[in-house]
Amino acid sequence: MTLTVVGHGYVGLVTACVFADFGNTVYVIGRNEKKINELRKGNPLIYEPGLKEILQRNLQAKRIFFRLDYTSVSQSEIVFIAVGTPPKENGEADLSGVFEVSEKIAKNLSKKNDHFTVISCKSTVPVGTNKQIEKIIKNHTPKRVNFAVASCPEFLREGSAISDTLNADRVVIGSESKKAIEILLELHKPIEGKKIVTDLSSAELIKYTANAMLATKVSFANFISFFCEKTGADIETVLDAVGLDKRIGRVFMSPGVGFGGSCLPKDVMALISTGKKLNIDVSFLEAVVKINSQAKKNFLKKILSNHQGKNLAIWGLAFKPNTDDIRFAPSLFIIEKLLENDFQLTVYDQQALLNVKKIFKDKIRYTKDPYQAIKEKDGLVILTEWNEFRQVDLNRVRSLLKKPVIFDGRNLYQISTMKKLGFYYYSVGRS
Ligand code: UDX
């Protein structure tokens, strides 16, 4: 098949690369010439394991092409919209990018009698948006153009985006057009996972429900960790035991400094905003957001009340491991607040240093070596659970630090080990 993907962020580029790898011809549209030129050279512009290799392989095979114009739309059987839907000040999803792109797609659709185009939104959009996309397209094309819209939400996680796409738990296809559904089912044939065919609204809501549920699980774990800290109970033991109940499970229940990233915070806010418009009581979801911010504040309070000096190192800046993404990362909040309290900070992260530097510039120090970061410091703060921190040489850490104090926002180490090594060790939900 011939496809066009508008947008080359995590969702757009991963989708394009995976479908090109299956043998399809894929055109990717962007609007920044410099970025498009980099992509043409095989630079994915973001750090995502395996993405560079799959991109370069398909560039070489001439199955993926990067464009600034929309001419490929008229040759495509499917056009995916994968542009950002960032939160507005009031939490509502900003759909201006999606609508702008829809108009451009409309103006470039094939007018041939025998050509049918599926326009499918991969971006996370509130219920009803695909209907609006359909209206925009109808308003900008002659009547005889054959097209249908379909919602095909994406569930990939950053850091494991390619394998999540290839081994999806499910593929959701929502449309009122049988033909569009057939075409999308054919495209997704090589992808593992149950195919759920449904209507547009259900498909749109499935995505928000999934992200709201994931955010709820994290906030629930953090909520129980507050009880553990007040009572001396151990959160990991509590969750391990509770998680053995098959109805509950243990996955996505790690307590810590809260959820961040480009999806969970934004999508929960957007669902709250949709709920308010529909006159639904959204206090449940508001509590999920409140607990998330409480988790960050509690952790900060731990540092402010227990530090033994103001010269600290921070390990881990990305909102999660295996990415350079710092959107809504808990590290941004913690750094900002520590700076307000006159701390001197030296930070280390495998991938996210440059992105953090763009925000904090020379207000903090940056290092490419985790051991260098902690040398002569009054303590270490851990904010992202990169694998490289799990089995560090803790004796070396102890000897490099001026004060053996660790604030661990991801519960990486055993309390008993840390005690034995003589650390003052503060983690989440464990005394
Ligand atoms: C999420 C969804 O998982 C994915 O399906 C959707 O398509 C996009 O949004 P992503 O934002 O990449 O993916 O990361 P995810 O792994 O879900 O983690 C989100 C945040 O929650 C991270 O900050 C992570 O540290 C935090 N988290 C996750 C926890 O604090 N505890 C957990 O148990 C799990």
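Domain bounds, as used here, come from an automatic or database domain assignment. The model described is a predicted one. For this chain the assignment gives domain 1, covering 2-198, and domain 2, covering 213-426.

**The two domains**

Taken over C-alpha atoms, the centres of domain 1 and domain 2 are separated by 34 Å. The two domains touch: 15 residues of domain 1 are in contact with 17 residues of domain 2. Between domain 1 and domain 2 an area of about 1,300 Å² is buried, and carbon and sulfur atoms give 52% of this area.

**Helix pairs**

| Helix pair | Crossing angle | Axis distance |
|---|---|---|
| H4 (residues 96-108) and H5 (residues 129-139) | about 35° | 8 Å |
| H8 (residues 200-231) and H11 | about 45° | 9 Å |
| H11 (residues 283-306) and H12 (residues 330-340) | roughly 40° | within 10 Å |

The crossing of H4 and H5 is right-handed. On the H4 side the contact is made by Val98, Phe99, Ser102, Glu103 and Ala106, and on the H5 side by Thr129, Gln132, Ile133, Ile136 and Ile137. Sorted by class, this contact of H4 with H5 holds 6 nonpolar, 3 polar and 1 charged residues.

Helix H11 takes part in two of the listed pairs, with H8 and with H12. With an angle of about 45° between them, H8 and H11 are therefore oblique to each other. The crossing in which H8 passes H11 is left-handed. From H8, the residues Ala212, Ala215, Thr216, Ser219, Asn222, Phe223, Phe226 and Glu229 meet Phe284, Leu285, Val288, Ile291, Asn292, Gln294, Ala295, Asn298 and Lys302 of H11. The classes represented in the contact of H8 with H11 are 9 nonpolar, 6 polar and 2 charged residues.

The axes of H11 and H12 cross at roughly 40°, which makes H11 oblique to H12. This crossing of H11 and H12 is right-handed. H11 contributes Lys296, Lys297, Phe299, Leu300, Ile303 and Leu304 to the contact, while H12 contributes Pro330, Phe333, Ile334, Lys337 and Leu338. The contact of H11 with H12 has 8 nonpolar and 3 charged residues, with no polar residues.

**Surroundings of Glu236**

Which residues does Glu236 touch, not counting residues up to four places away in sequence? Glu236 is located in helix H9, which spans residues 235-243. With those sequence neighbours left out of the count, Glu236 touches Arg250, Pro255, Asn411 and Arg430.

Conventions. Residues numbered from 1 in each chain as written. Predicted model: local features only at pLDDT ≥ 70, side-chain atom pairs only at ≥ 80, totals over all residues. Heavy atoms only, no water. Axes fitted to C-alpha atoms, helices over the stretch in contact; angles between N-to-C directions. Helix = DSSP H or I, 4+ residues; strand = E, 2+ residues; numbered from the N terminus. Parallel < 35°, antiparallel > 145°, perpendicular 65-115°, else oblique. Left-handed = near helix turned anticlockwise from the far one by under 90°. Contact = heavy atoms within 4.5 Å. Nonpolar A, V, L, I, M, F, W, Y, C, P; charged D, E, K, R; others polar. Buried area = accessible area lost by both parts, 1.4 Å probe.
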